[in-house]
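Welcome! Take a moment to look over the sequence and turn the 3D structure around before reading on.

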Amino acid sequence: MAAATRWLRQLLRAAGAGPVPARAVRRSVLGVPARSDSLGLAWRPSRCGSSAAEAPATKADEDSFLQWFLLLIPVTAFGLGTWQVQRRKWKLELIAELESRVMAEPVPLPADPMELKSLEYRPVQVRGRFDHSKELYMMPRTLVDPAREAREAGRLSSSARSGAYVITPFHCTDLGITILVNRGFVPRKKVAPDTRQKGQIEGEVDLVGIVRLAETRKPFVPENNPEKNHWHYRDLAAMARLTGADPIFVDADFKSTVPGGPIGGQTRVTLRNEHLQYIVTWYGLCAATAYLWAKKFLHRAPGM
């Protein structure tokens, strides 16, 4: 028995199980279940060596995943900045095209409404007379004044007056059709026709204006209210049904303005272009996060 006990203790020690109590070895040889110690724990072979070897490997895998995952932040920011560069280029080209269209020589208004789809923002010339009895009002609106807008750029408040655009049916004598003409801006106190009788043009006139197409309602823009004659966006189909005109819309130019009447030239050709600040934001975020990533993962101190 003693020899068997010594042999089993040597075998367990060679396997790395650590010091083995002689009583435990004897119970194992005799087939007696091991007793629990005073704390209620039974002796088992130690596995500390195996756990200590697995811990560094697990931590290394976690660090590697975190390193490449965080690299996605500067890479994504760089991609978004580059995308904004392309968007800015496209927007500048679009603005230049619109400005060239507006400054082009007027062409006769085509009789076919389908041809107007390629003429938006192009000047056209027509001859006819206004029907002031069927005026429509797009409101609220402010006066398009590039000089004032340039002075007030960046301000939180504006001195612009609130009012409406006066939309009047215009019968084209040469074409035999009736179109809708945005005669221009009037302040709120001049919306009613009887307050601006002097500006109600009678007889045939020659008119130059900018072709505009229908627009869809944007988010947060109220619905049009035909019953109250309040229009918030150009719904040409509804406007045409109410006035009996064709769904053709023209912004009269500034030269159409008469004393006491609406102020023409209310075509806004500037487009929102904030891509430069987006470029600075995304590239700045890319540079900052790339620096922090390199500092943490490429220049870490030995042993960290």
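How do the residues of the lining of the second largest pocket divide into nonpolar, polar and charged? There are 12 nonpolar, four polar and five charged residues. In this grouping, Ala, Val, Leu, Ile, Met, Phe, Trp, Tyr, Cys and Pro count as nonpolar, Asp, Glu, Lys and Arg as charged, and the others, Gly among them, as polar.

## About the model

This is a predicted model, in which local features need pLDDT of at least 70 and side-chain atom pairs count only at pLDDT 80 or more, while totals for chains, interfaces and linings use all residues. Residues are numbered from 1 along each chain as its sequence is written, and side-chain values use heavy atoms, with hydrogens and water left out.

## The second largest pocket

Rolling a probe the size of a water molecule over the atoms shows where empty space is left. On a 1 Å grid over the protein atoms alone, using a 1.4 Å probe, a pocket is an open set of points with protein on both sides within 12 Å along at least five of seven lines, and lining residues have an atom within 4 Å of a point. Grid points are joined across faces, edges and corners, and a volume is the space filled by probe spheres set on the points.

The second largest pocket has a volume of about 490 Å³. Its lining has 21 residues, and Val102, Met103, Ile210, Gly265 and Thr267 lie nearest the centre. Helix H5 (146–151), strand S6 (205–212) and strand S8 each give two or more residues to this lining, and S6 gives the most, with three. Helices (H or I, at least four residues) and strands (E, at least two) are DSSP runs, numbered from the N terminus.

## The largest pocket

Now for the largest pocket, which holds about 650 Å³ of space. Of its 20 lining residues, Arg141, Glu215, Lys218, Arg234 and Arg268 lie nearest the centre. Strands S3 (136–142) and S8 (249–252) each supply at least two residues of the lining, with the largest share, three residues, coming from S3. By class, this lining has seven nonpolar, six polar and seven charged residues.

## Salt bridges

Side chains of opposite charge can pair when their charged atoms come close. A salt bridge is a side-chain nitrogen of Lys or Arg within 4 Å of a carboxyl oxygen of Asp or Glu, and by this rule the count comes to nine. One of them joins Arg196 and Glu135, whose closest N and O atoms are 2.8 Å apart. This pair links distant parts of the chain, 61 residues apart: Arg196 is in the loop between S5 and S6, and Glu135 is in the loop between strand S2 (123–130) and S3. Are these two partners buried or exposed? Arg196 counts as buried because its relative accessibility is 3%, and Glu135 is buried at 6%; buried means under 20% relative accessible area, exposed over 50%, and partly exposed in between (1.4 Å probe, protein chains only).

Glu97 and Arg101 also meet in a salt bridge, at 3.7 Å from N to O. These two are four residues apart in helix H4 (residues 72–102), so about one helical turn separates them. Glu97 is partly exposed at 41% relative accessibility, and Arg101 is partly exposed at 23%. Glu274 and Arg272 form another salt bridge, 3.0 Å from N to O. Glu274 is partly exposed at 28%, whereas Arg272 is exposed at 62%. Finally, Glu120, Arg212 and Asp251 are linked in a network of salt bridges.
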